[in-house]
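Here is a friendly walk through the model below. Have the viewer open as you read, and follow the residues as they come up.

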Amino acid sequence: MTITILVAAYALFLIAFLIFSLIGSYHLRRFGYAGDLTKPVILFYTVISTAVIIVTILAIIFESYGA
Amino acid sequence: MVIEGKKYFPTQTEDEEIFFLIRRHWFDYMIFVFVAFLFLILTIGIAWYLIANQGNLSQITAVFLVIADSVLVLLLLAVELYGFVNHYLDVYIVTNQRLVEITQNGFFNRDISELQIRQVQDVSAHVDGFFRTLLHFGDVFIQTAGERENFIFSNIPHPYTVSKQIIDLHEMALANSEEDGSNPEVKKYNENELEKGLEIEEVEQAAKDLINNPSKTVRQVQGVYIPKTNTTAIKSFSKTDDSQQHELEEGKEEKITDK
């Protein structure tokens with residue numbers, strides 16, 4: 001039950017994080033210029049964020065059911 | 001310069017040439033790097049504790065620590081993204097026609113200010129402090145004509161070079177506008193002088209001479225348009241007292257140092 005609450009809270013955080021990330025990436029994409037650092041930063045940010053979220057979900061599954 | 005139909009700022013014209021696109025110095029972003037460093041220490045500590053106590057922790061504690069670590073890393077990324085947007089989208093653009101200052105404050109506040117390069121009155125660069133001197137960055141202050149707010153290019157790299165280039169562009173713009181007769185201030189002045197009864201050739205020649213060589217003598221300044229570039233000349237002339245004026249009328253010339 002407590003784990004469910006933790007996971008639900010994490011899911012809410014992820015939704016807020018996703019909205020924030022979309023707004024930030026939109027600004028970089030909208031106001032960046034050709035050849036500058038905006039696109040590499042968007043790519044880096046997306047890759048790292050996705051990796052962290054996937055690893056976290058796997059770790060939660062492992063800690064909950066795998067151990 | 002327009003790349004793939006995308007303009008650098010909304011009012012950019014197609015024949016406008018961009019000389020500089022300046023962003024603030026990377027040192028300005030250091031506060032966010034420091035914050036990232038603190039976050040990283042914390043997340044590495046939690047991860048280390050989690051791995052070191054594998055099997056000894058209760059299920060709920062382990063899940064809590066995993067989620068806490070993940071939240072910290074994601075928050076770190078979000079803070080860095082916010083800092084990067086604030087830092088990197090602040091842009092100063094110098095074209096052959098104007099100066100443009102684009103300031104991004106957070107996600108929902110973006111200001112764009114423009115200044116015609118002919119309206120520049122004075123440009124000065126300031127580098128102060130240990131890191132600024134060491135890393136060659138500082139501020140460029142651009143005084144404008146009239147009651148307009150002054151422009152400040154903050155924390156830009158190589159401020160002395162930039163200020164000199166702005167002055168050069170300003171002089172070039174003045175010379176060009178004089179050649180094609182499009183300088184509105186010169187036009188207005190000439191019209192006023194004509195109303196006073198001066199010969200048009202005389203006024204035109206005097207204005208041309210002065211703008212081509214704006215700081216030769218005080219005597220040349222009398223009765224003709226004073227370009228606002230040379231504030232030294234204007235100040236010196238306005239401070240001339242009666243005795244100096246008398247000498248000047250007799251033909252004695254006073255040199256004015258060109259800025």
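## Where the chains meet

In this predicted model, the contact between the chains draws on 27 residues of chain A and 24 residues of chain B. What classes of residue make up the side of chain B that touches chain A? That side has 20 nonpolar residues, along with two polar and two charged ones.

## The cores

The largest nonpolar core has 30 residues. Those that touch the most other members are V85(B), L99(B), V140(B), I142(B), F153(B), I156(B) and I166(B). Two or more residues come from each of the helices α2 (59–88) and α4 (159–179) of chain B, and likewise from the strands β2 (91–95), β3 (98–104), β5 (120–126), β6 (137–144) and β7 (151–157) of chain B. With eight residues, α2(B) gives the largest share of this core.

Another core lies apart from that one and has seven residues, including A59(A) and I60(A) as well as A62(B) and V66(B).

L99(B) is worth a click of its own. Leaving aside neighbours within four places in sequence, L99(B) is in contact with V94(B), L115(B), I117(B), I142(B) and F151(B).

## A four-stranded sheet in chain B

Next comes an open sheet of four strands in chain B, ordered β1-β2-β3-β4 and paired antiparallel. The edges are taken by β1 (18–23) and β4 (110–116) of chain B; each has a single partner strand, so one side of each is left without a neighbour in the sheet. From one strand to the next, the twist averages 10°.

Now look at β2(B) and its pairings. Five bridges join β1(B) to β2(B) in an antiparallel arrangement. Across this pair, I18(B) stands opposite T95(B), and I22(B) stands opposite Y92(B). Four bridges link β2(B) to β3(B), again running antiparallel, and V100(B) in β3(B) is the bridge partner of I93(B). A hairpin through two residues joins β2(B) to β3(B).

Is β2(B) mostly covered or uncovered? The strand is mostly covered, with five of its five residues buried. In a regular strand, side chains alternate between the two faces of the sheet. In β2(B), V91(B), I93(B) and T95(B) point one way while Y92(B) and V94(B) point the other way, and all are buried.

## A helix in chain A

Helix α1 (residues 2–31) of chain A has 30 residues, and at 1.5 Å a residue it should span 44 Å. Its end C-alpha atoms are 44 Å apart, which agrees. The buried residues of α1(A) are Y10(A), G24(A), H27(A) and L28(A).

Notes. Residues numbered from 1 in each chain as written. Chains lettered and ligands numbered in written order. Predicted model: local features only at pLDDT ≥ 70, side-chain atom pairs only at ≥ 80, totals over all residues. Contact = placed C-beta atoms within 7 Å. Nonpolar A, V, L, I, M, F, W, Y, C, P; charged D, E, K, R; others polar. Core = buried A, V, L, I, M, F, W, Y, C linked by C-beta atoms within 7 Å. Buried ≥ 20, exposed ≤ 12 C-beta atoms within 10 Å, placed from the backbone. Pairing = 2+ DSSP bridges. Axes fitted to C-alpha atoms, helices over the stretch in contact; angles between N-to-C directions. Expected span 1.5 Å × (residues − 1).
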